[in-house]
Amino acid sequence: MIDDEELLPADLVGRRLLKVTTAWHHYADDDPSLVHLWLHLEGLGPVVFHTPSTGLSLRVEQPHGPYAMDEYGRVSVADDPPDVPMARFVGQPIRSVRQIEEPSLLTDFLVGAGSRPAPDTEVHTTPLTDPKA
């Protein structure tokens, strides 16, 4: 894979999760907010989950380091943070991905990937409609 190459969600299936890296924005007394999530996958390398204005983009991309944003706070970077749900799947293959539609948005996008489907979980999809129509 070439860095910055766009991936399809199906490209993740069957790949073993080796590590999770996260980048967090820290500002004043606010709780940190997630900026970037990288899943390091066997055979692909680090895949960044990025949310442009209309959905989710998956790209092979090396994690960046921490940086300061002057009066806007700072960004920290952590590997395998225990409070990130995906970290508990390190060492397991991704067995499926799902596309979930969010009715409050005017676009569809992938919002999750799992190492195995949960037997008691239902995924509902709803066609998106323009509320102005």
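Strands are taken as DSSP runs of E with at least two residues, and helices as runs of H or I with at least four residues, both numbered from the N terminus; two strands are treated as paired if DSSP finds at least two bridges between them. The structure is a predicted model, in which local features need pLDDT of at least 70 and side-chain atom pairs count only at pLDDT 80 or more, whereas totals for chains, interfaces and linings use all residues. Residues are numbered from 1 along each chain as its sequence is written, and side-chain values use heavy atoms, with hydrogens and water left out.

On these terms the protein contains 0 helices and 8 strands, which gives the pattern β-β-β-β-β-β-β-β along the sequence. The mean pLDDT, the predictor's confidence in each residue on a scale from 0 to 100, is 78, and 68% of the residues score at least 70. Confidence is highest in strand β5 (residues 67–68), at a mean of 97, and lowest in strand β8 (residues 108–114), at 47. Over residues 106–133 the pLDDT stays under 50, and for this stretch the model has 52 contacts beyond four places in sequence, a contact being heavy atoms within 4.5 Å.

In the protein, 6 strands form an open sheet in the order β4-β3-β2-β1-β6-β5, with antiparallel pairing. Strands β4 (57–60) and β5 stand at the edges with a single partner strand each, so that one side of each is left without a neighbour in the sheet. Strand β1 (residues 17–26) and strand β2 (residues 33–41) are joined in the antiparallel sense over 8 bridges, and H25 has S33 of β2 as its bridge partner. On the next step through the sheet, 5 bridges join β2 to β3, again in antiparallel fashion, with W38 opposite V48 in β3. These two strands form a hairpin with 3 residues between them, and G43 in the turn adopts a positive phi of about 85°. The antiparallel pairing of β3 with β4 extends over 4 bridges, where H50 stands opposite S57 in β4.

Of the 133 residues, 29% count as buried, that is, under 20% relative accessible area, with exposed meaning over 50% and partly exposed in between (1.4 Å probe, protein chains only). When residues up to four places away in sequence are not counted, F49 touches L12, L37, L39, L56, S57 and L58.

A histidine in strand β2, H36, counts as buried because its relative accessibility is 15%. With residues up to four places away in sequence again left out, H36 touches T21, T22, A23, V48, H50 and H64. The C-alpha atoms of H36 and H50 are separated by 6.4 Å, although these residues lie 14 residues apart along the chain. The side chain of H36 also makes a polar contact with that of H64 at 3.2 Å, a polar contact being a pair of N or O atoms within 3.5 Å, of which, within protein, one must be able to donate a hydrogen and the other to accept it, while residues adjacent in sequence count only if both atoms are side-chain atoms.
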